[in-house]
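Subject: The structure for you to look at

Hi,

Here is the structure I said I would pass on. Have a look at it first, and then read on for what I found.

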Amino acid sequence: MLFLVLHTSGKCRGFMANHTVELDFILTQFSDSRNIQAVHGFLFLLIYLETILGNLVIFTLVTMDQCLHTPMYFFLKNLSSLDAGFISVTVPNLILNCWTHRSTISFTGCVCQLFLVVHFASCELFLLTAMSYDRYVAICHPLHYDVIMNKGVCMQIVAASWLFGILYGILYTVGTFSLSFCDSRKLPQFFCDVPSLLKISCSKMHVTIDVSVAIAILCGFFSMLCMGISYAYIFNTVLRMPSTQGRSKVFSTCVPHLIVVTTFVVTAVYVHLKPVPDSPHLVDFLASAFYSVMPPSLNPVIYSLRNKEIKASLWKLLWKLSHFKCSQQSNRAVIIIKKF
């Protein structure tokens with residue numbers, strides 16, 4: 001159990017077993033105006049509903065449609081689950097704070113939020129890397145695709161991504177909240193993240209965090225290297241295709257993935273490596289929103305609009321629902337006629 005206590009100096013607080021005092025953290029709002037806060041809350045509510053609905057649709061389509069039971073869509077279904085969880089960690093609390101005009105988050109809530117943000121972000125990076133490898137095998141080695149990317153391998157990759165996310169989330173969270181915090185508990189961010197918590201920390205030594213950051217940099221570099229090599233081979237193979245239709249189909253599946261990866265990685269690196277300002281500007285909030293809010297909300301839009309199989313499956317599901325509704329109405333009409 002984590003304990004936050006008063007240090008003898010009276011200025012810093014840290015973890016100890018006795019004299020526990022749980023403190024709230026103060027989050028920074030996008031604006032000081034209550035009217036603008038309410039507007040922000042409404043906008044983020046629309047983004048949140050679109051994200052949850054879009055990812056739920058993709059999850060449902062891939063689960064129900066036998067034509068989509070392939071490794072690519074299996075990874076996409078798991079990515080939709082991660083996206084729904086990722087955005088649910090930060091946005092609902094942001095919406096509530098905007099509408100209640102409160103900016104506080106409990107110590108326990110901050111711990112949970114940090115763990116889940118790191119967990120979902122790590123899982124997503126690992127899964128996006130796996131998806132790029134899946135596309136590489138499908139395009140560059142199509143004859144061996146079913147053997148290499150079999151069901152067992154796909155399950156192991158997804159399980160490994162979740163395990164990696166849990167372990168890394170624990171490492172980052174324990175390392176962050178083992179630090180001492182000063183009197184100022186105002187975070188220059190709209191959710192609990194590591195750079196903001198380090199900003200208000202009194203601790204001079206951040207050994208665990210430094211190790212965590214080093215691991216994150218190595219994992220990020222490895223992921224980007226794997227994705228870069230995969231796409232280099234993919235585009236080299238695509239450019240040699242004689243069929244224009246074949247190129248179009250490949251680009252329709254690869255380009256959306258590349259957009260998502262680029263948006264997610266570039267903004268995450270920018271947020272975590274740049275110095276944290278005392279009073280954040282709009283660009284700082286936008287960068288944080290781009291890596292924590294935009295990728296989950298963009299994924300269902302990008303994959304559904306540029307993917308013919310997803311659109312075909314959606315129309316098929318809508319036709320079945322409308323046909324089922326019409327058959328129910330016909331049965332009711334027959335029952336009513338029989339009564340008379």
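Beyond its neighbours within four places in sequence, F75 is in contact with L127, A130, M131, D134, M149, C154, I157 and V158. F75 is also among the residues with the most contacts inside the largest nonpolar core, together with I234, F264 and Y291. That core has 59 residues, and helix α2 (residues 71-100) gives the largest share of them, 13 residues. There is a second, separate core of 18 residues, and Y168, V194, L197 and I200 are included in it.

Please keep in mind that this is a predicted model.

Now for the whole protein. It has 11 helices and 5 strands, and 45% of its 340 residues are buried. Of the contacts with a separation of 6 or more, 74% are between residues 24 or more positions apart. The protein exposes about 18,200 Å², with 69% of that supplied by carbon and sulfur atoms.

Helix α5 (residues 151-177) is worth a look too. At the start of α5, a side-chain oxygen of N150 comes to within 3.1 Å of the backbone nitrogen of G152. The buried residues of α5 include C154, I157, V158 and Y168. Among the elements that cover the buried residues of this helix are β3 (25-27), α2, α3 (107-140), α6 (194-199) and α7 (207-239).

Enjoy exploring, and write back with any questions.

Best wishes

Note on methods. Residues are numbered from 1 along each chain as its sequence is written. This is a predicted model: local features need pLDDT of at least 70, side-chain atom pairs count only at pLDDT 80 or more; totals for chains, interfaces and linings use all residues. Side-chain values use heavy atoms; hydrogens and water are left out. A nonpolar core is a set of buried Ala, Val, Leu, Ile, Met, Phe, Trp, Tyr and Cys residues joined through side-chain atoms within 4.5 Å. Buried means under 20% relative accessible area, exposed over 50%, partly exposed in between (1.4 Å probe, protein chains only). Helices (H or I, at least four residues) and strands (E, at least two) are DSSP runs, numbered from the N terminus. Contact means heavy atoms within 4.5 Å. Accessible areas come from the Shrake-Rupley method with a 1.4 Å probe; for residues, only the protein chains shown count as cover. A polar contact is a pair of N or O atoms within 3.5 Å; within protein, one must be able to donate a hydrogen and the other to accept it, and residues adjacent in sequence count only if both atoms are side-chain atoms.
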